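Reader: Could you give me a close look at how the aromatic rings pack in this one? I'd also like to hear about whatever sits around them.

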Protein chains: 2
Amino acid sequence: MYSTDKPYKKEVLDIIRATWSTPYVEVLEGGTYPVIHRKVNFPEIDHTDGIGTKGLYHWRMRTFHKAICDALAMNLNDLAMAQAIPYKMQCHLTLPDECGEVVVEIMRMLAHECKIRNIAITGGETSIQNTSQCMDISLTVSGFLRNDFSNRPRAGDIIVGISSNGLHSNGFTKVREVFGEDIIRPEFVRATRLYDEAVWQVASCFNIHGMVHITGGAYLKLKEVLRDVDARLFGFPTDHRYPIFREIYRKGISDEEMYKTFNCGIGFMFSLSSSSARSVAQIIPEAIIIGAVQTGSGNVLIRSQFSGALLKF
Amino acid sequence: MYSTDKPYKKEVLDIIRATWSTPYVEVLEGGTYPVIHRKVNFPEIDHTDGIGTKGLYHWRMRTFHKAICDALAMNLNDLAMAQAIPYKMQCHLTLPDECGEVVVEIMRMLAHECKIRNIAITGGETSIQNTSQCMDISLTVSGFLRNDFSNRPRAGDIIVGISSNGLHSNGFTKVREVFGEDIIRPEFVRATRLYDEAVWQVASCFNIHGMVHITGGAYLKLKEVLRDVDARLFGFPTDHRYPIFREIYRKGISDEEMYKTFNCGIGFMFSLSSSSARSVAQIIPEAIIIGAVQTGSGNVLIRSQFSGALLKF
């Protein structure tokens, strides 16, 4: 917990305390650790994720706010996909060097982002590991489930994709393989886009059959939600405004590897009835129709934006 | 969550599923992630900790079960100190190399330890970071608080310490400084002792005024629970069966640094009335009276086992 031996820990405790009163939870000082009292009682989901080896670039470039947005997006996008309302979190910060000022700066930015989202930071850990060149921000976020959401695309659905804003927080081991260890480019530290607001906007107006956050494993993630149906993705933009994916492809990465590793321009997908899909594509910024669901056996069929080849996963 | 793109993930999901039914919680398959339904409703504490740079030695020596015991101890000892009953956890595993067999092996051992303790593993993340030489097992464990425990040692109390079984999981950056990067000794991978059973045994029979798990920050942790009192620790064993501490001291680490960094042979402390303390010292294995609490201002006074010097923190 943020109150032990290190001089900055008292400051961090004061920072997180500002997040403790929300509509969902009241966190109170306990004898030893903060004590969580729920104001509502629903089933819950817990979700843990960090920023992976993208933390190497964030650490070198000191892009800490973008690192926080990445960590939040990796968790909040997944919770939104499950229609869970995030209400509390623990933060495990791992840094290559002991630097109290950086810890305080990161926790202040994280607390700000949490405060405006009604997420209480209930504690965490700061670990200094000089065995690594990479920072990590691992968050464990709990979310309430008001309704369980079955997440099953149906035959006849249309798939609407929302643009990513670049590489997001996956595939960075491959990025380093392709570009070498020493190249850093602005694209490598651009923060992952948050889709939670778009999800709630769509969910409040339409009956969503399925949703997928395109993250670790990229388009293979679709396979987790397909039952007795196939997804056909044929509408990837070929002139995407983030040319990084085409650049990586041209460096010799196969079509299959591209779609198994990178979001390739689409960060989130909805599966809806045809009429709902057309409305969603109109009202959500940067949403486009990219595919359809048909009777099948859990396959993902992709018309590659890079070569035009038809891929099957 | 343990069900995405990697071949071992389905196996891991099956492994953690075995922990999902406990007296405290029922975890059910959800549309996207496992859904947690509590059977009891108490205030709670969340606690996050990992194994730090001790993970360097565990990774090199493949001492995965000991690594799990370390991760559990770092969390369960702290929760026991707060008298919280652990009931669920998320696991964030970070490994330097992709190795599905190791992930499955670790999760199987963790699930076994959790099952016997009625802790449900509700999900987590596996992150491969080839930017690090070090594995980490970061757990976020939630615990129920049946009663809030104020954790305040009182003037007149006697302090009972329980022996550690060596270095535990702190001070490993210092260990590498002292011994160099390439030396690995059996003492470096000995698992942290779990004190949770001892705590519940003492709590069921005696009125505990204060407790401290000697972990990161070592004896400075005592300062967090002292209010208007000082702790005097004068009874450290000088012929401790783990000579590693004396060996480190002899390599030029100061008395102050030793007690700020290492457990120096005592891993957990209770502060109790004089009569209770004497009984506890008799019934708990390897418990000894090591000090007393007196009116003061939050200081920790230590008679060093190494030089005999009186230290003040």
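**Rings, and what surrounds them**

Author: Let's start with a group: Tyr219(A), Phe236(A), Tyr249(A), Tyr259(A) and Phe306(A) form one aromatic cluster. Here, rings of Phe, Tyr and Trp (its six-membered ring) pair if their centres lie within 6.5 Å; planes under 30 degrees apart count as stacked, over 60 as edge-to-face and the rest as tilted. Before going further, keep in mind that this is a predicted model, in which local features need pLDDT of at least 70 and side-chain atom pairs count only at pLDDT 80 or more, while totals for chains, interfaces and linings use all residues. On bookkeeping, residues are numbered from 1 along each chain as its sequence is written, chains are lettered from A and ligands numbered from 1 in the order in which they are written, and side-chain values use heavy atoms, with hydrogens and water left out.

Across all chains, the whole structure has 32 aromatic pairs. One of them is Tyr87(A) with Phe144(A), which counts as stacked because the ring centres are 3.9 Å apart and the planes sit at 10°. Tyr87(A) belongs to strand β4 (residues 84-95) of chain A and Phe144(A) to strand β6 (residues 136-145) of chain A, so this pair ties together parts that are 57 residues apart in sequence. (Helices, H or I with at least four residues, and strands, E with at least two, are DSSP runs numbered from the N terminus.) Tyr87(A) is buried, at a relative accessible area of 0%, and Phe144(A) is buried too, at 1%. Buried means under 20% relative accessible area, exposed means over 50%, and partly exposed is in between (1.4 Å probe, protein chains only).

Phe172(A) and Phe188(A) give you an edge-to-face pair, 6.5 Å centre to centre with 85° between the planes. Phe172(A) is in helix α5 (residues 172-179) of chain A, while Phe188(A) is in the loop between α5 and α6 (196-205) of chain A, so the pair links parts 16 residues apart in sequence. Both ends are tucked away: Phe172(A) is buried at 3%, and Phe188(A) is buried at 0%.

Arg176(A) is buried, with 4% relative accessibility. Setting aside neighbours within four places in sequence, Arg176(A) is in contact with Thr53(A), Leu56(A), Tyr57(A) and Glu181(A), and also with Asn130(B) and Thr131(B) of chain B. Contact means heavy atoms within 4.5 Å. Ala198(A), by comparison, is 22 residues from Arg176(A) in sequence and 31 Å away in space, C-alpha to C-alpha.

Most residues other than glycine have a negative phi. His168(A), though, has a positive phi near 55°. His168(A) sits in the loop between β7 (158-163) and α5 of chain A and is buried at 3%. Ala218(A) also has a positive phi, about 45°, without being a glycine. Its place is the loop between β8 (210-213) and β9 (229-233) of chain A, and Ala218(A) is buried with a relative accessible area of 0%.

Over in chain B, have a look at Cys264(B), in the loop between α8 (255-261) and β10 (266-272). Cys264(B) is buried at 1%. Cys264(B) and Ser164(B) are 100 residues apart in sequence but 8.1 Å apart in space, C-alpha to C-alpha.

Last, a helix pair in chain A. Helix α3 (residues 64-81) and helix α4 (residues 100-116) pack at about 50°, with their axes 10 Å apart. That makes α3(A) oblique to α4(A). Axes are lines fitted to C-alpha atoms, for helices over the stretch in contact, and angles run from 0 to 180 degrees between N-to-C directions; under 35 degrees counts as roughly parallel, over 145 as roughly antiparallel, 65 to 115 as roughly perpendicular and the rest as oblique. On the α3(A) side, Phe64(A), His65(A), Ile68(A) and Leu72(A) meet Val102(A), Glu105(A), Ile106(A), Met109(A), Leu110(A) and Glu113(A) of α4(A). By class, that contact has 7 nonpolar, 1 polar and 2 charged residues. Ala, Val, Leu, Ile, Met, Phe, Trp, Tyr, Cys and Pro count as nonpolar, Asp, Glu, Lys and Arg as charged, and the others, Gly among them, as polar.
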